[in-house]
Amino acid sequence: MFPAECRFTKDHEWIRDDGGQHTVGITAFAAEQLGDVTYVELPEPGSRLSAGDTAASVESVKAASDVYAPAGGEVCEVNEALDGKPELVNQDPYGEGWFFKLSDVDADELEQLMDAAAYEQFVGEHSE
Amino acid sequence: MQLIFEKSRPGRRAAQFDALDVPEASLPPALCRAEPAELPEVSELDVVRHFTQLSQQNFGVDSNFYPLGSCTMKYNPKLAEAVAAYPGFSELHPHLSTCPAFRGLCQGALELVYETEQALAEIAGMRKVSLQPIAGAHGELTGALLMAAYHRDKGNAKDTMLVPDSAHGTNPASAAIAGFKVVQVASAADGTIRLDAVKEALNESVAGLMLTCPNTHGLFEPRVREIADLLHESDALLYYDGANLNAIMGHARPGDLGFDVMHFNLHKTFGTPHGMGGPGSGPVGVGERLEAFLPGPRVVCEGGRYDLETPAKSIGKVAAFFGNFLIAVRACAYIRHLGGPGLKEASENAVLNANYVFARLKGTYQPAFESGFMHECVFSAAPQAKAGVRALDIAKALLDYGLHAPTVYFPLTVRESLMIEPTETESKDTLDAFCDAMIEIAGKAESDPDSLHAAPRTMPVGRLDEVRAARQLDCSC
Amino acid sequence: MTWVPTTAAEREEMLAVIGVTTVDDLFATIPESLRPKSWNLPAPESEMAVRRAMAGLSARNAVCHTSFLGGGFYDHFIPAAVDALATRSEFYTAYTPYQPESSQGTLQAIYEYQSAVCRLTGMEFANASLYDGGTAVFEAATMSVRLTRRRRIVCHESLNPLYGRMLKTHTANLGFEFATGDDPADAACVIVQNPSFLGSVADFSALAGRCHEAGALLVVSFYPLSLGMLKTPGEMGADIAVAEGQSLGLPLGFGGPYLGVMATRKEHLRKMPGRIGAATEDAQGRRGFVLTLQAREQHIRREKAMSNICSNEALCALRALIYLCLLGKEGLREVAAQCHARAEYLKSRLSFLQVLNAGPTFNEFAVRLPRDAEQVVSALAERGFLAGLPLAAVGAGEATDLLIAVTEKRTRHELGAFAEALKEAACS
């Protein structure tokens with residue numbers, strides 16, 4: 001149900017190693033909980049984040065949610081397509097709906113995060 | 001309906017002025033706008049018909065039952081409107097209070113401010129009241145600023161405000177603007193605040209706790225005095241959100257309960273209209289601890305003459321003058337008309353009406369809490385939602401009965417919440433019509449859910465696409 | 001006296017349905033020890049008695065003088081249709097439009113009001129209203145801090161001193177740093193007012209350029225009615241435009257309710273506080289209006305909201321919209337031109353006094369009197385004039401300085417008579 005190549009946080013972010021850079025987004029579960037996404041505020045490219053820092057925020061008609069950095073690193077790219085098409089977050093959360101990319105990620109920090117199976121169990125426990 | 005801008009015809013006019021009987025004057029072009037503002041060119045009848053027709057697309061208390069929980073949509077007496085229109089109030093320049101030379105020219109207005117502050121103080125058991133805050137949330141902010149000033153004055157390093165999870169969103173937002181960190185405190189299963197959660201959260205850094213009482217579940221907080229004592233032991237303060245004061249007038253007073261500071265919502269409790277979302281008025285009341293910090297200047301009375309004075313440690317001005325004065329005029333008339341016994345009776349009937357609605361609906365909708373509701377009752381439409389009919393569908397279906405919906409999806413602590421506040425001014429007949437409609441809707445939720453998904457059908461528009469609105473952002477023309 | 005409609009028989013029926021015997025039973029959750037220690041309120045009065053008493057208070061306020069009192073709040077003419085329409089109870093007894101289908105009147109009015117404000121100011125987005133002019137300045141300052149992540153606020157000398165005081169009270173615990181002047185270095189914003197508190201008219205376009213070079217925002221507090229004539233905040237390059245909306249058809253009302261106007265540029269929209277209306281469609285393609293971008297607001301974002309504002313001044317915004325529609329494109333130009341012309345005429349009749357404004361003024365100007373301003377205004381009040389605002393009373397001038405405002409309501413005859421009376425009171 002959740003992509004095996006990603007790691008996950010309890011705040012429903014995913015992070016994926018795309019060959020040196022790490023891509024971050026929110027999970028399909030989070031996107032569905034929010035409803036139709038109407039706006040995404042992205043971090044400044046070049047800014048440095050530590051794990052757990054507020055990195056972005058995502059809004060729907062009835063909710064707003066902060067997005068936290070799953071791991072520390074430098075923001076090397078943000079998904080500018082979300083500015084005009086925030087619906088990509090709902091349509092393709094692990095593909096075109098990505099939020100930002102981090103460089104210099106510490107692999108040890110990723111180890112602390114859940115894998116797909118653990119996240120699936122976590123969502124099962126918390127969705128009621 | 002067309003926009004007023006779409007009705008514009010070049011050269012058409014409404015308002016006329018006296019002919020200019022002095023020489024024309026001009027300013028250097030660099031200081032002037034390049035083109036006139038493209039305001040509509042319409043006749044007075046165009047304007048009158050446009051806004052009359054717009055008004056007819058609204059539900060208001062005068063035309064429809066409006067049981068919005070936490071909003072206290074009671075009848076707004078015409079007496080209050082009539083007195084607020086007296087020219088001695090409505091045409092009075094506020095700067096007449098600014099300089100001593102003019103103060104003799106606004107003695108009636110200053111007396112009204114004084115009298116209203118005194119009456120509110122007695123109603124709430126507070127030492128002093130200031131009419132300055134312009135709305136409820138502005139009163140909260142003022143109260144939080146007073147709390148901060150108190151701690152600063154005492155050298156207390158307290159930077160945290162406790163807020164229950166059932167609180168109005170304005171509470172944490174106001175506390176944050178007053179510079180506090182916000183820590184949420186959980187409610188117990190019975191809907192009241194958990195004393196052990198307060199104890200757990202309470203430490204040296206806690207400046208105060210903001211409490212609504214009855215709370216937003218409609219329940220009186222039975223341990224409020226213990227909570228006050230607990231806070232006071234560590235020199236923290238207790239804030240009263242006056243949104244639900246309509247439940248307890250004459251039966252309990254925030255000051256006696258141990259609250260140090262509060263705001264009133266004149267537009268809820270004291271019969272002043274809500275005006276499509278404002279203007280309201282949010283006077284702040286304080287006990288002994290915070291008296292010296294009140295906003296200034298204040299109206300004082302010496303030998304029958306009203307003058308102004310600023311408290312020793314005043315936080316300053318939160319409004320340019322005395323807040324929404326014409327709203328206070330309405331509230332003053334309301335309080336005089338009801339008097340002590342009438343205010344008490346208002347609360348009694350508000351509680352009676354809410355409990356009657358609860359008794360009639362508890363077999364049909366799932367009560368959020370078992371008992372103890374005061375001026376409002378809260379149900380959960382979670383069972384209906386499982387069958388595909390959400391609180392939102394129930395709300396929309398009510399509109400087709402000519403009834404405004406209850407508050408839905410608040411408090412956040414109750415899933416699919418339906419929060420019903422009938423107020424004291426509604427008759428048993430109206431309550432019965434509402435309950436009958438709610439019961440019929442619950443039946444349709446089982447027999448014909450699609451009919452509810454299609455509601456409303458009798459309004460000028462059906463359900464509107466809010467996602468499209470937020471993505472396209474067409475906010476002006 | 002009461003608005004409770006329930007009869008004794010109905011009360012009994014209702015109590016029986018609830019399953020209790022008395023209304024007091026419903027208050028059983030309030031412990032006896034917490035009952036009121038005092039309830040010393042007056043006895044009820046009839047409607048006739050209340051009206052008598054309130055008429056008595058009203059009569060002890062001066063509203064028949066010929067007024068030259070301004071200082072941010074002005075005695076403008078209000079067409080009768082404003083009151084006739086804004087006092088329709090479908091407007092004033094409605095709540096915030098939480099159910100858009102039964103609130104299209106409110107929501108379309110909000111959209112039209114926002115449109116009128118944008119056209120008036122030359123800005124791109126307006127909100128549905130804030131409380132008043134002073135709190136709008138405060139909201140503009142905190143919005144600037146959010147946008148720039150700087151905490152230095154520069155207040156220009158043109159700003160109404162009341163607004164400056166309100167700004168400091170509201171931000172007392174936010175760690176802002178305040179400066180006066182117009183240096184945008186390291187500032188979140190520079191806040192200017194046009195016309196200035198003393199009535200002087202300026203063009204802040206160059207300052208807007210300097211602000212933007214320094215990464216700061218320009219906040220312009222404007223006098224809405226003056227924009228019938230004056231260069232707009234949009235034309236000057238302002239980032240945020242705010243105003244006290246009282247001049248747009250709101251009665252003076254001894255200080256309120258008034259109207260906080262706020263507008264901004266598109267790139268700053270999402271950090272703007274307050275409700276915003278928007279057009280959209282229903283499933284059948286019919287145009288309708290809703291509140292939008294609510295995820296910025298307190299009921300969703302709680303302590304992280306752009307502002308704590310909930311109740312606003314919607315009915316006052318409706319009045320402003322109706323007023324602007326009644327005046328229309330030509331009427332607004334005319335009323336501004338009349339205010340200016342009448343003020344210039346009075347200025348010409350007061351050539352025996354020193355005018356303190358260095359440059360052009362709109363409809364208000366400051367003069368230095370040969371004697372104490374409080375004495376002069378007292379003497380003139382006895383002759384039926386409110387002569388103006390003694391500036392020392394607001395900390396904006398010497399004891400001899402007087403701020404005089406002129407609106408379209410002042411006739412040539414009144415202006416002449418006032419000039420004569422002022423000469424006598426001040427110079428004899």
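Gln193(C) is buried, with a relative accessible area of 10%, in this predicted model. Because the threshold for a buried residue is under 20% relative accessible area, the 10% computed for Gln193(C) places this residue in the buried class.

**Surroundings of Gln193(C)**

- Gln193(C) belongs to strand β5 of chain C, which covers residues 189–194.
- A polar atom of the Gln193(C) side chain lies 2.8 Å from the backbone nitrogen of Asn160(C).
- Leaving out residues up to four places away in sequence, Gln193(C) touches Ser158(C), Leu159(C), Asn160(C), Tyr163(C), Phe204(C) and Ser221(C).

**Chain C as a whole**

- Chain C contains 13 helices and 15 strands.
- The C-alpha trace of chain C spans about 80 × 55 × 50 Å along its principal axes.
- Chain C has 428 residues, of which 66% count as buried.
- Of the contacts in chain C between residues at least 6 apart in sequence, 72% join residues at least 24 apart.

**Nonpolar cores**

- In soluble globular proteins, nonpolar side chains tend to be buried together.
- The largest nonpolar core comprises 238 residues, and Phe270(B) and Met54(C) have the most contacts inside it.
- Helix α11 of chain B (residues 325–361) supplies the largest share of this core, namely 20 residues.
- Another core, of 86 residues, lies apart from the largest one and includes Ala15(B), Ala94(C), Ala320(C) and Val335(C).
- With neighbours within four places in sequence set aside, the contacts of Phe270(B) are Leu120(B), Ile123(B), Leu245(B), Met249(B), Phe264(B), Asn265(B), Ala331(B), Tyr334(B), Ile335(B) and Leu343(B).

**Helix α13 of chain B**

- Helix α13 of chain B (residues 391–399) is largely enclosed by the rest of the structure, because eight of its nine residues are buried.
- The buried residues of α13(B) are Ala391(B), Asp393(B), Ile394(B), Ala395(B), Lys396(B), Ala397(B), Leu398(B) and Leu399(B).
- The elements of chain B that cover these buried residues include β12 (407–408), β13 (417–420), α14 (428–447) and α15 (449–453).

**Helix α8 of chain B**

- In helix α8 of chain B (residues 224–233), the buried residues are Val224(B), Ile227(B), Ala228(B), Leu230(B), Leu231(B) and His232(B).
- These buried residues of α8(B) pack against α7 (195–201), β4 (206–212), β5 (237–241) and α9 (254–257) of chain B.

**Interface between chains A and B**

- The size of an interface is often given as the accessible area lost when the parts come together.
- Chain A and chain B bury about 540 Å² between them, with 53% of this area on carbon and sulfur atoms.
- Nine residues of chain A are in contact with five residues of chain B.
- Two salt bridges are counted between chain A and chain B.
- Glu87(A) and Arg471(B) form a salt bridge, in which the closest N and O atoms are 3.8 Å apart.
- Two residue pairs are in polar contact between chain A and chain B, counted with both residues at pLDDT 80 or more.
- On the side of chain A that touches chain B, three residues are nonpolar, two are polar and four are charged.

Terms used. Residues are numbered from 1 along each chain as its sequence is written. Chains are lettered from A and ligands numbered from 1 in the order in which they are written. This is a predicted model: local features need pLDDT of at least 70, side-chain atom pairs count only at pLDDT 80 or more; totals for chains, interfaces and linings use all residues. Side-chain values use heavy atoms; hydrogens and water are left out. A nonpolar core is a set of buried Ala, Val, Leu, Ile, Met, Phe, Trp, Tyr and Cys residues joined through side-chain atoms within 4.5 Å. Buried means under 20% relative accessible area, exposed over 50%, partly exposed in between (1.4 Å probe, protein chains only). Helices (H or I, at least four residues) and strands (E, at least two) are DSSP runs, numbered from the N terminus. Contact means heavy atoms within 4.5 Å. Buried area is the accessible area (1.4 Å probe) that two parts lose on being put together, summed over both. A salt bridge is a side-chain nitrogen of Lys or Arg within 4 Å of a carboxyl oxygen of Asp or Glu. A polar contact is a pair of N or O atoms within 3.5 Å; within protein, one must be able to donate a hydrogen and the other to accept it, and residues adjacent in sequence count only if both atoms are side-chain atoms. Ala, Val, Leu, Ile, Met, Phe, Trp, Tyr, Cys and Pro count as nonpolar, Asp, Glu, Lys and Arg as charged, and the others, Gly among them, as polar.
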